[in-house]
2 protein chains.
Amino acid sequence: MNPSLLPVLPCMCASFRRTSRALTQLYDQALRPLGLRATQFTILQALSLAGEVSQGQLGEMLAMDSTTLTRTLEIMGRHGWIAERRGADRRERRLRLAKAGETQFKRALPVWEKVQSRLRHKMGEQTWKNLLQLTNQVTDLITTQGDSI
Amino acid sequence: MNPSLLPVLPCMCASFRRTSRALTQLYDQALRPLGLRATQFTILQALSLAGEVSQGQLGEMLAMDSTTLTRTLEIMGRHGWIAERRGADRRERRLRLAKAGETQFKRALPVWEKVQSRLRHKMGEQTWKNLLQLTNQVTDLITTQGDSI
DNA sequence: GCGAGATAGATGTATATACATCTATAGGAG
DNA sequence: CTCCTATAGATGTATATACATCTATCTCGC
């Protein structure tokens, strides 16, 4: 590709969205044989790490509107990956991985690790660590103090 | 928000997508009074910087599938922001800002600059510069050598 | 217990996004 | 020129995403 066609975008939002698109295509491509999208893998991983959480808590973890999760969880529920029950607060949906969800997650792990590993080597350890730290910092900055920005 | 609800995600793709969602909400909120989405602002800015380009070139600039642009450009075309003509290669759509598009872009610029400025100060100059450089580097890494990753 | 305001999530709607496939056009082999 | 293949973009389809609004439920003051 002609390098001039990849200008440095002056907009932080545009830069992140562009990189997200590129990354998503890379991860989606790797996960496609499993019938799994990057977003869905992320939800499996989040539930695997967090155990049982409410839909709202999952949304906060991922900086995602909880009503967005309604649709994605519906799709994942069709595959039997998500188990849920009512919380003590009966408005809440308490979510966790169903057996089929754990199985799917375990199948996807080595594929994900391979993409991560290849990308990490291409980028270099320092850049990799910097980016994980910086992206987290920015998310935190916006979601915990967003109103004052 | 409870900090434990913003875990460091181990997945680079998930981290970028999460930060992109947070940033997009921030920029969208600022641009909403203008009836403009972050993606649409990005396209106005890209065309403002690049002049006349084909749909495919615009897609490469933004690491966006050119068929995705078909839909977004249709929406922006309804507002009269985009001018286009057939290229010498008659399969191509050559795109540029229409007068109304320039006007809209000029109206949006100060709003965008304010969000950028506030965020830059929150993040600090060094972090800001690092992130613009790193995100660009990663996009380049994937889009120019993606097949070998 | 009861009513008023707050909150969790569902639903309607619009945009963003990509891939598979299709059509029209280009460009080269002969 | 003709045919074959490659490419640009349009279209069908599915998912991702958020906001406005709605419903059910909670909580608090009384």
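**Figure 1. Protein surface near DNA strand C.** In this predicted model, α4(B) gives the largest share of the surface near DNA strand C, namely six residues. Altogether 29 residues surround DNA strand C, and the closest are Gln25(A), Gly56(A), Thr70(A), Arg71(A) and Arg91(A). Of the atoms of DNA strand C that come within 4 Å of the protein, 66% are accounted for by sugar and phosphate. Sorted by class, the surface near DNA strand C holds 14 charged, eleven polar and four nonpolar residues.

**Figure 2. Contacts of chain A with the phosphates of DNA strand C.** This view turns to individual side chains. An N or O atom in the side chain of Gln55(A) is 3.2 Å from a phosphate oxygen of DNA strand C, and for a polar side-chain atom of Arg32(A) the distance to a phosphate oxygen of DNA strand C is 3.5 Å. The elements that give two or more residues to the surface near DNA strand C are α1 (12–31), α3 (55–61) and α4 of chain A, together with α2 (38–50) and α4 of chain B.

**Figure 3. Protein surface near DNA strand D.** DNA strand D is surrounded by 29 residues, of which the closest are Arg17(B), Gly56(B), Thr70(B), Arg71(B) and Arg91(B). Within 4 Å of the protein, 66% of the atoms of DNA strand D belong to sugar or phosphate, while the rest belong to bases. The surface near DNA strand D comprises 14 charged residues, eleven polar residues and four nonpolar residues. The largest share of the surface near DNA strand D comes from α4(A), which provides six residues.

Figure 4. A polar side-chain atom of Gln55(B), by contrast, lies 3.2 Å from a phosphate oxygen of DNA strand D. From chain A, a backbone N or O atom of Asp65(A) is found 3.0 Å from a phosphate oxygen of DNA strand D. The elements that give two or more residues to the surface near DNA strand D are α1 (12–31), α3 (55–61) and α4 (66–78) of chain B, together with α2 (38–50) and α4 (66–78) of chain A.

Note on methods: Residues are numbered from 1 along each chain as its sequence is written. Chains are lettered from A and ligands numbered from 1 in the order in which they are written. This is a predicted model: local features need pLDDT of at least 70, side-chain atom pairs count only at pLDDT 80 or more; totals for chains, interfaces and linings use all residues. Side-chain values use heavy atoms; hydrogens and water are left out. A residue is near a molecule or strand if one of its heavy atoms lies within 4 Å of it. A polar contact is a pair of N or O atoms within 3.5 Å; within protein, one must be able to donate a hydrogen and the other to accept it, and residues adjacent in sequence count only if both atoms are side-chain atoms. Helices (H or I, at least four residues) and strands (E, at least two) are DSSP runs, numbered from the N terminus. Ala, Val, Leu, Ile, Met, Phe, Trp, Tyr, Cys and Pro count as nonpolar, Asp, Glu, Lys and Arg as charged, and the others, Gly among them, as polar.
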